[in-house]
Number of protein chains: 2
Amino acid sequence: MRVVYSEKHERHQPRVFVYRGQIVDTPENAVRATMIAAALGGAGHEIVAPADFGLAPIRAVHAADYLEFLETIHARWAALPGAGPEVVANVHPNRNMGRRPEGVVGLVGWHTADTACPIVEGTWEAALASAHAAIHAAELVLEGANAAYALCRPPGHHAYADMAGGFCYLNNTAIAAQHLRRRFDRVAILDIDVHHGNGTQGIFWTRGDVLTVSVHADPAGFYPWYAGYPDERGAGDGLGFNLNLPLAQGSDDSAFLDAVMRGLGAMRDFAPAALVVAAGFDTHERDPLGAFKVTTPAYRELGRRIAALEIPTVIVQEGGYGTAELPENVLAFLAGFETR
Amino acid sequence: MRVVYSEKHERHQPRVFVYRGQIVDTPENAVRATMIAAALGGAGHEIVAPADFGLAPIRAVHAADYLEFLETIHARWAALPGAGPEVVANVHPNRNMGRRPEGVVGLVGWHTADTACPIVEGTWEAALASAHAAIHAAELVLEGANAAYALCRPPGHHAYADMAGGFCYLNNTAIAAQHLRRRFDRVAILDIDVHHGNGTQGIFWTRGDVLTVSVHADPAGFYPWYAGYPDERGAGDGLGFNLNLPLAQGSDDSAFLDAVMRGLGAMRDFAPAALVVAAGFDTHERDPLGAFKVTTPAYRELGRRIAALEIPTVIVQEGGYGTAELPENVLAFLAGFETR
């Protein structure tokens with residue numbers, strides 16, 4: 001399968017991840033992507049660097065003021081007295097508040113969801129290259145490929161139209177889906193990351209032309225906590241076009257594959273002309289953040305079942321953290337997919 | 001003037017204040033209150049410890065699930081794998097989300113507004129004693145005193161009905177105002193802290209029996225960033241009973257006193273039977289957080305002008321940080337008030 005990958009993700013290596021009251025190393029580190037790229041190359045997959053598609057296909061999903069924020073905030077932050085080296089929110093608007101302020105610290109809280117999306121000097125460049133990889137993979141499918149895989153880092157599915165969060169800045173999955181809409185009338189998104197694809201849900205919440213399906217750990221006890229519940233079905237034109245399939249922590253291959261099959265069933269009713277898979281592998285039994293017990297062979301089976309839909313598919317890398325098995329899991333999924 | 005003060009605030013001494021991307025010492029430290037108490041004693045003010053009023057007068061303002069959270073969360077947090085010693089949010093619900101989850105980390109984000117309200121083992125005990133000091137001062141006024149001063153720590157005016165924030169856990173000012181409603185039909189709150197009294201505004205947002213007036217630094221460039229704008233006037237029965245008077249950073253005695261006089265003008269129209277002053281002194285020219293340039297003599301004048309309303313008044317200590325002048329500023333305000 002053709003793989004799109006940019007080494008520019010190495011420009012994004014934050015150190016300040018506030019987690020459970022302490023600053024710890026972020027699990028969303030650069031080695032994740034370099035390991036996967038090396039394994040893909042070794043397995044004979046063709047790897048191409050993304051072209052520069054500019055901002056237009058990103059603006060089709062993200063708010064203009066948010067993109068300006070992402071591009072400029074690190075320099076503005078660096079000018080603040082007493083500021084640390086990385087942009088991290090210490091205040092967020094809450095359910096009693098609704099105003100976007102002018103000041104730097106206030107803007108940071110407005111445009112970020114949590115402390116898991118620190119912004120360093122190179123974050124914008126890395127996020128842009130990651131989004132371009134997703135767009136490039138979508139272009140390959142628009143040009144007739146059955147499928148393409150975008151090895152995106154940073155990941156994207158927690159990013160809303162105007163908000164970063166959970167290691168995500170630009171929603172690569174949503175950008176790819178929107179890009180596919182240039183040719184395909186109806187596009188479906190299947191999110192198999194262990195975390196709910198809350199940003200993607202938010203972006204397509206009121207749209208009936210993009211079906212969003214997410215299989216994930218029950219948010220009552222897991223990130224993103226406040227969204228990802230089954231009664232969130234979309235609104236307006238999008239009502240009925242969002243499907244959340246939360247599973248209990250500890251779910252195994254069988255529970256996971258069953259939920260994905262339910263998602264694929266809903267997808268068949270929608271009859272999408274193209275598909276984007278938000279492919280996280282933090283469902284794996286040895287993932288440090290993972291709440292599930294999915295095994296490597298299950299990813300191969302998963303790839304096979306998704307490919308059986310026989311629709312043009314863009315696979316976008318989302319989560320999956322510090323395990324020796326991460327590259328192997330990606331390879332297993334792609335191998336399963338290619339057996340169609 | 002009678003002063004109500006509990007030494008139990010010393011049980012609350014958090015160390016983890018995430019500010020501008022770094023963990024720094026919190027300016028809301030215990031010495032603030034001990035310095036003020038020592039100066040008041042030295043100046044001959046009578047200091048009494050608060051009685052135990054239980055939870056009923058606090059439940060009149062705060063949500064039951066929030067009080068249970070404050071009381072129990074430190075123990076639940078301590079049981080989390082990898083948790084730091086203090087409860088600090090790393091994720092918050094945002095404008096796309098509306099669900100209160102079950103898990104500990106999610107609850108922390110639900111019930112806190114920012115990283116400036118870490119919860120240590122003794123926070124609940126300290127916050128309760130602080131609220132009881134405010135209630136005790138209100139009791140003195142209910143029993144016929146012209147005025148009483150509650151030396152509250154932790155402060156309260158950023159706490160909403162169900163949310164801590166900005167060094168605040170229980171909204172002492174709102175609790176005192178609600179307690180005064182036992183006898184007085186209409187109660188006004190005048191908030192002269194340099195920060196908008198956003199929690200107080202939120203608590204009385206839909207009520208016409210409590211007028212909330214706040215003079216503060218323009219939130220477009222200052223905490224709490226997302227509330228405190230002049231067009232926030234209340235809603236429902238409370239429409240027109242909230243008044244925000246933001247001032248530019250750098251405002252001096254003259255600008256500050258003028259804004260307070262505008263607030264007092266609005267208050268006269270309301271004809272309150274009792275008053276609560278949310279008395280922050282972080283407007284002072286040498287306050288480390290302060291955005292204003294108010295001088296010590298201006299607090300004396302401020303006290304005099306508020307006393308000229310000639311209505312029963314509870315003065316509740318809010319902010320005011322690491323300056324040698326803090327006790328002097330409190331004394332000047334109380335002295336000015338007592339010249340009536």
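**Exercise 1. The interface between the chains**

How many residues of chain A are in contact with how many residues of chain B? Describe the interface in terms of area and charged pairs.

*Solution.* The structure is a predicted model.

Step 1. Count the residues on each side: 52 residues of chain A touch 53 residues of chain B.

Step 2. Consider the area. Between chain A and chain B about 4400 Å² is buried, and carbon and sulfur atoms give 57% of it. On the side of chain A, the residues that lose the most area to chain B are R20(A), R95(A) and Y226(A), which together make up 22% of what that side buries.

Step 3. Consider the charged pairs. Six salt bridges are counted between chain A and chain B. In one salt bridge D162(A) is paired with R95(B), and the closest N and O atoms are 3.2 Å apart.

**Exercise 2. A salt bridge within chain A**

Which residue forms a salt bridge with R11(A)? State which parts of the chain the pair links.

*Solution.* Step 1. Identify the partner: R11(A) forms a salt bridge with E125(A), with 2.8 Å between the closest N and O atoms.

Step 1. R11(A) belongs to the loop between β1 (3-4) and β2 of chain A, whereas E125(A) belongs to helix α5 (residues 123-142) of chain A. The two are 114 residues apart, and the pair thus links distant parts of the chain.

Step 2. For context, the structure holds 28 salt bridges over all chains.

**Exercise 3. Helices α8 and α9 of chain A**

Classify the packing of α8(A) and α9(A) by angle, and give the residues that make the contact.

*Solution.* Step 1. Take the geometry: helix α8 (residues 253-270) and helix α9 (residues 296-307) of chain A pack at about 15°, and their axes are 11 Å apart.

Step 1. Apply the cut-off. Angles under 35 degrees count as roughly parallel, and α8(A) and α9(A) are therefore roughly parallel to each other. Their crossing is right-handed.

Step 2. List the contact. From α8(A) come D253(A), F256(A), L257(A), V260(A), M261(A) and L264(A); from α9(A) come A298(A), E301(A), L302(A), R305(A) and I306(A). By class, eight residues of the contact between α8(A) and α9(A) are nonpolar, none is polar and three are charged.

**Exercise 4. Helix α10 of chain B and its partners**

Describe how α10(B) packs against α1(B) and against α9(B).

*Solution.* Step 1. Begin with α1(B). Helix α1 (residues 30-42) and helix α10 (residues 326-338) of chain B have axes 8 Å apart and an angle of about 50°, which makes α1(B) oblique to α10(B). The crossing of α1(B) and α10(B) is right-handed.

Step 1. Examine this contact. α1(B) contributes R32(B), M35(B), I36(B), A39(B) and L40(B), while α10(B) contributes L326(B), P327(B), V330(B), L331(B) and L334(B). The contact of α1(B) with α10(B) has nine nonpolar residues, no polar residues and one charged residue.

Step 2. Turn to α9(B). The axes of helix α9 (residues 296-307) of chain B and α10(B) come within 6 Å and cross at roughly 30°. The crossing of α9(B) and α10(B) is right-handed. Residues in this contact include Y299(B) and G303(B) of α9(B) and A332(B) and G336(B) of α10(B). The classes in the contact of α9(B) with α10(B) are eight nonpolar, four polar and three charged.

Conventions. Residues are numbered from 1 along each chain as its sequence is written. Chains are lettered from A and ligands numbered from 1 in the order in which they are written. This is a predicted model: local features need pLDDT of at least 70, side-chain atom pairs count only at pLDDT 80 or more; totals for chains, interfaces and linings use all residues. Side-chain values use heavy atoms; hydrogens and water are left out. Axes are lines fitted to C-alpha atoms, for helices over the stretch in contact, and angles run from 0 to 180 degrees between N-to-C directions. Helices (H or I, at least four residues) and strands (E, at least two) are DSSP runs, numbered from the N terminus. Angles under 35 degrees count as roughly parallel, over 145 as roughly antiparallel, 65 to 115 as roughly perpendicular and the rest as oblique. A crossing is left-handed if the near helix is turned anticlockwise from the far one by less than a right angle, and right-handed if clockwise. Contact means heavy atoms within 4.5 Å. Ala, Val, Leu, Ile, Met, Phe, Trp, Tyr, Cys and Pro count as nonpolar, Asp, Glu, Lys and Arg as charged, and the others, Gly among them, as polar. Buried area is the accessible area (1.4 Å probe) that two parts lose on being put together, summed over both. A salt bridge is a side-chain nitrogen of Lys or Arg within 4 Å of a carboxyl oxygen of Asp or Glu.
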